[in-house]
Amino acid sequence: MIQQYSGIQAYILRIRRRLHQIPEIGLNLPKTASFIQRELEALQIPYVLSERDSGIMAVIKGDYPGKTVAFRADMDALQLEEENTVDYCSLHKGCMHACGHDAHMAMLLGTARLLMTWRHSMHGTVRLIFQPGEETARGAALAIQDGFVDRVDAIFGLHIGTLFGKEIPCGQFVAARGCCMASYDHFILKVKGKSCHGSNPEKGTDPIQIAAHMILALQTIQTRELSGTTASVITVGKVTGGFEYNVIPDEVLIEGTTRALNEEVRVYLAERIRQIAEATAQTFGGTCETKILWGAPPVVNDPRMARLAADAIAELLGEEKVSMEMEAPCMAGEDFANYLGRVPGAFLYLSSSNPRKGTDRPHHSSGFNIDEEVLWEGAAAFDRIARKMLQR
């Protein structure tokens, strides 16, 4: 069975390396979208374009009626300067594919090529969704608004890399039952005081001091308000304020992220951050404006779809190559969760962690890379899932 997929690796490898060279950020990705369109046209696969962003939905319609299954790949990159020295390094300064999205697109195009070989026996339709804006948590919502998952019976996504743990052997799949990834949201706290000279702090209101108290107080939400068994994260990642060493500024900006495994905790974190930030500022004579930029809810796989995916992968590669168990859900987030809120499906993981090749680096790092030898497995897995649903 594996032999039928041997020819797809070279194609996916070429696509992945070219996409790695042209990373783009956000929702508008003209070079990436044009490249994908050219490949779809070469494969003679029709597609529609989003009017809101660079999203693309390709459609492969079988000769017989049946269900509609969708597969999604994210497209956007990150603002990082690549430190890898491979010959296919990013050509766009200050931007790189440090999260595997180049591989996701390549594997989905590989899937498209495989699906076209048996479309005449296909009972149903496959939609291939190429989605920008995953890193900003906006792309999936826009794809849904564009109708890309209307009347879809099941949807599947896949993440390559070290996301679920670099100790997972290279080439191993995880198709978890239930929740596998956390929600992710962005909070912004604008702490306002009153500027004065540093030699006379009593004449002003110090927003830096207020911010320091605030950052420490926020951590007590986890340690004193939530059970020790309740998974959550509150991280302050950015503090901006001041312009001279001896001047107390007017304001300080605090930015951070929250993570949770259920919606109730997610909402609780946001509300308590607002309450504590505003009360702390008031205590020290300042004020605080709170903004919550809602990202995506937790990623919760449909157990039936996870089982279907696991069975398809096991039939292809062997039962030892796929697990439905996780030691704990990953606290990273993914806007694929928005699709799962509307359509039964599963978000899969494919490890490319290989210490010998240096591909065990964390995501979102300037040295992130993947073991390309497993690329064909991702495309083959999607193809087998589609066969399981649409072939009789």
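## Sheet and packing helix

Two strands count as paired if DSSP finds at least two bridges between them; helices (H or I, at least four residues) and strands (E, at least two) are DSSP runs numbered from the N terminus. In this predicted model, local features need pLDDT of at least 70 and side-chain atom pairs count only at pLDDT 80 or more, while totals for chains, interfaces and linings use all residues. Residues are numbered from 1 along each chain as its sequence is written, and side-chain values use heavy atoms, with hydrogens and water left out.

An open sheet is formed by four strands in the order β10-β12-β8-β13, with antiparallel pairing. Its edges are β10 (232-241) and β13 (287-296), each of which pairs on one side only. From one strand to the next, the twist averages 20° (axes are lines fitted to C-alpha atoms, for helices over the stretch in contact, and angles run from 0 to 180 degrees between N-to-C directions). Helix α7 (residues 263-283) packs on the sheet and touches β8, β10, β12 and β13, contact meaning heavy atoms within 4.5 Å. The direction of α7 makes about 165° with that of β13.

Strands β8 (residues 184-192) and β12 (residues 251-260) run antiparallel and are joined by eight bridges. H186 has T257 as its bridge partner in β12.

R259 also lies in β12. At 18% relative accessibility, R259 counts as buried (buried is under 20% relative accessible area, exposed over 50%, partly exposed in between; 1.4 Å probe, protein chains only). R259 touches residues including Y184, V233, L269 and M331. R259 and V233 are 26 residues apart in sequence, with their C-alpha atoms 4.9 Å apart in space.

## Cysteines

The count of disulfides is zero, a disulfide being a pair of cysteine sulfur atoms within 2.5 Å. For C95, the nearest cysteine sulfur is that of C99, 13 Å away. C95 is buried, with a relative accessible area of 7%. For C179, the nearest cysteine sulfur belongs to C180, 6.4 Å away. C179 is partly exposed, at a relative accessible area of 22%.

## Cavities

A cavity is a set of points, on a 1 Å grid over the protein atoms alone, where a 1.4 Å probe fits but cannot get out; lining residues have an atom within 4 Å of a point. There are two cavities of 30 Å³ or more.

The lining of the largest cavity consists of R72, A73, H104, M107, L158, G378 and F382. Elements giving two or more residues to this lining are β3 (64-74), α3 (101-116) and α10 (375-390).

Definitions and conventions
On a 1 Å grid over the protein atoms alone, a cavity is a set of points where a 1.4 Å probe fits but cannot get out, and a pocket is an open set with protein on both sides within 12 Å along at least five of seven lines; lining residues have an atom within 4 Å of a point. Grid points are joined across faces, edges and corners, and a volume is the space filled by probe spheres set on the points. Lists of a residue's contacts leave out its neighbours within four places in sequence.
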